[in-house]
Amino acid sequence: STVDDLPGARGLALTVFPNPFNPETRVAFELPRGGYVNLAVYDLTGRLVRKLADGLFVAGRHEMTWNGRNSQGLHAGSGVYLMRLVTPDGATSMRATLLK
């Protein structure tokens with residue numbers, strides 16, 4: 001999998017496992033310090049599929065599960081999705097592939 005780091009993302013770690021996945025995957029991230037975190041799944045057109053985290057988190061390792069469903073509870077289609085993590089220290093993203 002490819003990780004696309006943006007400026008200011010130093011110290012952030014984002015992993016997706018298993019990848020590819022079916023029916024669900026775990027998205028783990030490591031925060032160098034606490035703060036507001038937004039972790040969301042986007043399709044490759046940039047459309048929001050599902051928010052996985054949106055709030056305050058302490059420093060350290062955190063893990064969320066994505067069940068392959070969108071915010072309405074419907075199954076997302078097979079394909080590549082972007083897991084995007086935004087924190088006070090910057091942002092990073094990783095691709096994940098949902099196989100049916």
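1. The accessible surface of the protein comes to about 5,400 Å², and 53% of that area belongs to carbon and sulfur atoms. Accessible areas here come from the Shrake-Rupley method with a 1.4 Å probe, and for residues only the protein chains shown count as cover. Please keep in mind that this is a predicted model, in which local features need pLDDT of at least 70 and side-chain atom pairs count only at pLDDT 80 or more, while totals for chains, interfaces and linings use all residues. Residues are numbered from 1 along each chain as its sequence is written, and side-chain values use heavy atoms, with hydrogens and water left out.

2. On burial, 41% of the 100 residues of the protein count as buried. Buried means under 20% relative accessible area, exposed means over 50%, and partly exposed lies in between (1.4 Å probe, protein chains only). Of the contacts between residues at least 6 apart in sequence, 54% join residues at least 24 apart; a contact means heavy atoms within 4.5 Å.

3. Now the fold: the protein has zero helices and eight strands, so that its elements read β-β-β-β-β-β-β-β from the N terminus on. Both kinds of element are DSSP runs numbered from the N terminus, with helices being H or I of at least four residues and strands being E of at least two.

4. Eight bridges join β4 to strand β5 (residues 48–57), and the two run antiparallel. β4 also pairs with β7 in the antiparallel sense, over six bridges. Two strands count as paired if DSSP finds at least two bridges between them. V41 can be followed to either side: its bridge partner in β5 is R50, and in β7 V41 stands opposite M83.

5. β4 and β5 form a hairpin with four residues between them, and G46 in the turn has a positive phi of about 90°.

6. For the charged side chains, a search of the whole structure finds five salt bridges, each being a side-chain nitrogen of Lys or Arg within 4 Å of a carboxyl oxygen of Asp or Glu. One of them joins R47 and D43 at 2.9 Å, N to O. R47 counts as exposed at 56% relative accessibility, whereas D43 counts as buried at 12%. Another salt bridge joins K51 and D54 at 3.6 Å, N to O; K51 is partly exposed with a relative accessible area of 46%, and D54 is partly exposed at 41%.

7. E63 forms a salt bridge with R61, with the closest N and O atoms 3.2 Å apart. E63 is partly exposed, with a relative accessible area of 35%. Salt bridges that share partners join R26, R61 and E63 into one network.

8. Finally, the aromatic rings: the structure holds three aromatic pairs. Rings of Phe, Tyr and Trp (its six-membered ring) pair if their centres lie within 6.5 Å, and planes under 30 degrees apart count as stacked, over 60 as edge-to-face and the rest as tilted. W66 and Y81 form an edge-to-face pair, 5.3 Å centre to centre with 70° between the planes. This pair links distant parts of the chain, with W66 in strand β6 (residues 60–66) and Y81 in strand β7 (residues 79–87), 15 residues apart. Both W66 and Y81 are buried, and together with F21 they form one aromatic cluster.
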